[in-house]
Amino acid sequence: MASRVLILFAHPALHRSRINAALMEAVQGMEGVTFRDLYEEYPTLHVDVETEQELLLEHDVIVWQHPFYWYSAPALLKEWQDVVLEYGFAYGEGGTRLVGKRVLSALTTGGPEEAYQKTGYNRFTMRELLAPFAQTSFLCGMEYLEPFIIHGVRGLTAEQVQEWAQRYRARIAALVAGD
Ligand SMILES: Cc1cc2nc3c(=O)[nH]c(=O)nc-3n(C[C@H](O)[C@H](O)[C@H](O)COP(=O)(O)O)c2cc1C
C-alpha cells in the first residue's frame with residue numbers, strides 16, 4: 001500500500017547549501033510526498049504545534065532531512081521535536097497518535113565515513129550519535145529506519161552530488177511505495 005511521506009527539512013542557510021539543496025530539488029513535486037522547509041515556515045523559530053501535529057497525522061512516514069550540525073540537527077528541528085512531540089499526543093498517557101509510523105533520518109556530514117568510528121577522530125559511530133533520534137522515535141511507537149547518510153560532502157564532485165540526489169529520490173520513492 002502507498003505511504004504518504006512528510007519530509008521535514010531543516011537547514012538554516014539554504015542559500016549556501018550544496019548537497020541539501022540538490023537533495024531537495026530531487027524530491028520536489030513527487031507524488032505522495034509533502035516537502036516542508038521548516039526554516040522557511042518558521043523564520044522566527046516559533047513552531048505552530050497544531051499545524052505540525054495535523055501534518056504528522058496525515059502522513060505515514062516522517063523524514064528528518066538536515067545537515068549534521070555539532071553531531072545533531074540544526075536547532076529548529078530540535079525545537080520542532082520539543083514542542084510538537086507533546087505528552088498526550090506522541091507519548092505518555094493517551095499519547096498514541098504516532099504509533100506505527102516510520103521515521104527516516106536523511107542527513108549529510110562534513111566528516112568522512114571513517115571519522116565516524118571508535119578509532120576515528122569523531123570517536124562514535126553515526127548510529128551511536130543518532131541514538132536520541134532513534135529513541136525519540138521508539139518512545140513515540142515509531143519505527144526508526146536505517147538512516148540515509150551522505151558523508152564527506154565537501155569533497156563530492158558535481159556529478160557525485162547529482163548521483164546522491166537521485167539515490168535520495170529513489171529512497172523516498174521506495175518509502176512512498178511502502179518499502
Ligand atoms: C554549525 C555547523 C556544525 C557542523 N557540525 C558538523 C558535525 O558535527 N559533523 C560533521 O561531520 N559536519 C559538521 N558540519 C558540516 C556540515 O554537516 C556540512 O557542511 C553540511 O552537511 C553540508 O550540507 P549543505 O551543502 O547542504 O550545506 C557542520 C557545519 C556547520 C555550519
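Contact here means heavy atoms within 4.5 Å. Keep that in mind for the tour, and remember that you're looking at a predicted model, where local features need pLDDT of at least 70, side-chain atom pairs count only at pLDDT 80 or more, and totals for chains, interfaces and linings use all residues. Residues are numbered from 1 along each chain as its sequence is written, and side-chain values use heavy atoms, with hydrogens and water left out.

**Stop 1: Ser-105**

Select Ser-105, which sits in strand β4 (helices, H or I with at least four residues, and strands, E with at least two, are DSSP runs numbered from the N terminus). Is Ser-105 buried or exposed? Ser-105 counts as buried because its relative accessibility is 0% (buried is under 20% relative accessible area, exposed is over 50%, and partly exposed is in between, with a 1.4 Å probe and protein chains only). Leaving aside residues up to four places away in sequence, Ser-105 touches Trp-64, Phe-133, Tyr-144, Pro-147 and Phe-148. Now show the side chain of Tyr-144: it makes a polar contact with the side chain of Ser-105, at 2.6 Å (a polar contact is a pair of N or O atoms within 3.5 Å; within protein, one must be able to donate a hydrogen and the other to accept it, and residues adjacent in sequence count only if both atoms are side-chain atoms).

**Stop 2: Arg-36 and Glu-52**

Next, pick Arg-36 and Glu-52, a salt bridge whose closest N and O atoms are 2.8 Å apart (that's a side-chain nitrogen of Lys or Arg within 4 Å of a carboxyl oxygen of Asp or Glu). Arg-36 is in strand β2 (residues 33-37) and Glu-52 in helix α3 (residues 49-57), so this pair ties together parts 16 residues apart in sequence. Arg-36 counts as buried at 12% relative accessibility, and Glu-52 counts as buried at 0%. The structure holds six salt bridges, so let's visit another.

**Stop 3: Lys-78 and Asp-82**

Select Lys-78 and Asp-82, whose salt bridge has its closest N and O atoms 2.8 Å apart. They are four residues apart in helix α4, so about one helical turn separates them. Lys-78 counts as partly exposed at 44% relative accessibility, and so does Asp-82 at 47%.

**Stop 4: Arg-127 and Glu-146**

Finally, select Arg-127 and Glu-146, another salt bridge, with the closest N and O atoms 3.3 Å apart. Arg-127 is in helix α5 (residues 126-129) and Glu-146 in the loop between β5 (143-144) and β6 (148-150), so the pair ties together parts 19 residues apart in sequence. Glu-146 is exposed, at 57% relative accessible area.
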